[in-house]
Amino acid sequence: KMAAAAGAAAGLWSEVNRCGQNGDFARALKSVNKILQINKDDVIALQCKVVCLIQNGNFKEALGVINTHTKVLTSDVIAFEKAYCEYRLNRIESALKTIQSASQQTDKLKELYGQVLYRLERYDDCLAAYRDLIRNSQDEYEEERKTNLSAVVAAQSTWEKVVPEDLGLREATYELCYNSACALIGQGKLNEAMKKLQKAEELCRQSLSEDSDVTEEDIEAELAIIHGQMAYIMQLQGRTEDALQLYNQIIKLKPTDVGLLAVIANNIITINKDQNVFDSKKKVKLTNAEGVEHKLSKKQLQAIEFNKALLAMYTNQADQCRKLSASLQSQSPEHLLPVLIQAAQLCREKQHAKAVGLLQDFADQHPANAAEIKLTMAQLKIAQGSVTKACMILRSIEELQHKPGMVSALVTMYSHEEDIDSAIEVFTQAIQWYQQHQARTNHGCCVFQPKSPVHLSLIREAANFKLKHGRKKEAISDLEELWKQNPKDVHTLAQLISAYSLVDPEKAKVLSKHLPSSDTMSLKVDVDALENSHGATYVRKKAGKLTGDNQQKEQGQGEVKKKKKKKKGKLPKNYDPKVTPDPERWLPMRERSYYRGRKKGKKKDQVGKGTQGSTTTGSELDASRTASSPPTSPRPGSGAAVSAASNVIPPRHQKPAGAPATKKKQQQKKKKGAKGGW
């Protein structure tokens, strides 16, 4: 039996060997399982089974076989296969431990170690690992190692803002060109990066077109990642329409890379901002695809989550926005954006005080980020109209107090509030900061040290501001300091003399002696060249015409000037020279002493404007009738006449004749109808 079993095993091993060479690992696995039925602890058979499962993509099952047979498959025997299965199952930390626990670091483990470090975003260690591999390896995979090395450099430039060193890699493949372009984007060299990407596209087309089995669709699919990076550069350059068009073209190709689709969808959302939110909602679904978290870096995933929170805010999903921003804050407590998003949501809900309180709490807990938070708080205060409080917040940012931009903003705001003293105080504090800073850098040296351009600029602005607001005495010290720094500055000297002329005229006279003479101030101008210039020719021609007119006037000065005849004013048609004009004729008729008011016309006053359908009589509208007047009989078809003037009803309040009778008839009809039995 043992001989028969050995013969069967030999035949099975031959089958395994043949299938392995042909790449038929599914069939090889069947043969290996039959061998294990003969001897379940056969180490080589177990190793072959693990390899077959890995080749078939069954990483979980392969890892299960390794963990089940730990006594036979020790770490020395199967360390690489175990680490590789963990790597493919995205158990990166476990893969790292497996590699580090191996007693012997083979070349295969070193290759995998580099990949694991890249996924963990430990770029410095990864760079060192690949350099060691390239230095100590000589095989057909050298080009792939160089590509991986360039990818690490690109990642450092993009995510860690490290200036990459020149590795001397020959960019002979489109992968190397692409990675080089990514490194240039990280440095902000967008035009150079675009040229690299165009070269990468050209190399990609050339290499893929050599294969007859590759279709145009396959080429476009491979170029999708290059085109995506081109669109990103366009977006950074402000060419959003071109970028959006290229992004949508890539999405229409339906690439299989979920990471690429997620990044493109996120970039489209950033272009849309608070517009076209329905399109953004569709694109968000692409960022939620399965496996995206394993394809992108931590910063990319974080950016996508930030944009989801902002989109929720723009679409008025307040609860969703708060939930996402709170989750982001718990993941990155020191990050600014989650808190800013929460504050923005509160502002949309008109809870400005709560938003300011939230920002203040964050600034107290994280002093390193307090400056940016306080700038946002100041902006909210300005939006509420509390400019003075905004100034107080800005002045509490110590590291920005002396910056020209901050000084300018504070002075403008205080000027708006007409608080000139506070504005001058801002200038004074900034100037003192530069003086103290200069004193520290001089290390107590007595040698005269010229002031920095920013320092001098602040002094000049302070002097101009004080002069503008009538603070001559305060401006004098600043102007003297400026003149001391540059005695040849005539403009500063003139300002100083002007300021002293109102405070100390004698001092102004003394300083005026330092002004240059008129001879030194004269400009050396070539008069002939100036007169022959185009502009001077035009002015000379125009002046010639004017001169000719003046000469004609001078010649005619001796002649008697003709007097212009005054036109007689027009007189009224009924003007009578014998009658004295009315002295009050210039006054309006109502203001003249003899005005007695308009006479009321008889017929006009008899026109009634009663309600529709009503009729009026002369007796109703004649105000001249009194109670003693005899009543007149009404006209046929009219209402009853009013007997006394005291009981006259205005026309608009009269009711049509016969209205009560009509109501009675209607009530009677209703009553008759009610008898019908409802």
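pLDDT is the predictor's confidence in each residue, on a scale from 0 to 100, and it is the place to start here, since this is a predicted model in which local features need pLDDT of at least 70, side-chain atom pairs count only at pLDDT 80 or more, and totals for chains, interfaces and linings use all residues. Residues are numbered from 1 along each chain as its sequence is written, and side-chain values use heavy atoms, with hydrogens and water left out.

The mean pLDDT of the protein is 79, with 78% of its residues reaching 70 or more. Over residues 614–678 pLDDT stays under 50, and for this stretch the model has 36 contacts (heavy atoms within 4.5 Å) beyond four places in sequence. Residues 443–448 also stay under 50, with two contacts beyond four places in sequence. Where pLDDT is low, the predicted coordinates should not be read in detail.

The protein holds 33 helices and zero strands, where helices (H or I, at least four residues) and strands (E, at least two) are DSSP runs numbered from the N terminus. Of the 678 residues, 32% are buried; buried means under 20% relative accessible area, exposed means over 50%, and partly exposed lies in between, for a 1.4 Å probe and protein chains only. Among contacts between residues at least 6 apart in sequence, 48% join residues at least 24 apart.

A nonpolar core is a set of buried Ala, Val, Leu, Ile, Met, Phe, Trp, Tyr and Cys residues joined through side-chain atoms within 4.5 Å. The largest such core has 41 residues, and those with the most contacts inside it are L359, I373, L394, V407, V411 and F465. Two or more residues each come from α18 (336–348), α19 (352–365), α20 (370–383), α21 (387–395), α22 (404–416), α23 (420–442) and α24 (453–468), and α23 gives the most, with eight residues. Leaving aside residues up to four places away in sequence, V407 touches Q401, H402, V426, F427, A430 and L458. A second, separate core of 35 residues includes Y174, L197, L261 and I271. In soluble globular proteins, nonpolar side chains tend to be buried together.

Helix α14 (residues 258–272) can be followed from one end to the other. At its start, a side-chain oxygen of D257 reaches to within 3.0 Å of the backbone nitrogen of G259. Most of α14 is covered, twelve of its 15 residues being buried; among them are L261, I264, I268 and N272. What covers the buried residues of α14 includes α12, α13 (240–252), α15 (277–287) and α16 (298–314).

N272 belongs to α14 and counts as buried at 8% relative accessibility. Its side chain makes a polar contact with the side chain of S280 at 3.1 Å, a polar contact being a pair of N or O atoms within 3.5 Å, of which, within protein, one must be able to donate a hydrogen and the other to accept it, while residues adjacent in sequence count only if both atoms are side-chain atoms. Beyond residues up to four places away in sequence, N272 touches D279 and S280. Just after α14, K273 takes a positive phi of about 55 degrees.

Charged pairs complete the picture. The structure holds 19 salt bridges, each a side-chain nitrogen of Lys or Arg within 4 Å of a carboxyl oxygen of Asp or Glu. One of them joins E220 to R205, with the closest N and O atoms 3.1 Å apart; E220 lies in helix α12 (residues 216–236) and R205 in helix α11 (residues 190–209), 15 residues apart. R205 is partly exposed, with a relative accessible area of 29%, and E201, R205, E216 and E220 are linked in a network of salt bridges.

E425 forms a salt bridge with R395, the closest N and O atoms being 3.4 Å apart. Because E425 lies in helix α23 and R395 in helix α21, this pair ties together parts that are 30 residues apart in sequence. E425 is partly exposed at 39% relative accessible area, whereas R395 counts as buried at 18%. The side chains of R471 and E474 also meet in a salt bridge, at 3.4 Å from N to O; R471 is partly exposed at 23%, and E474 is partly exposed at 34%.
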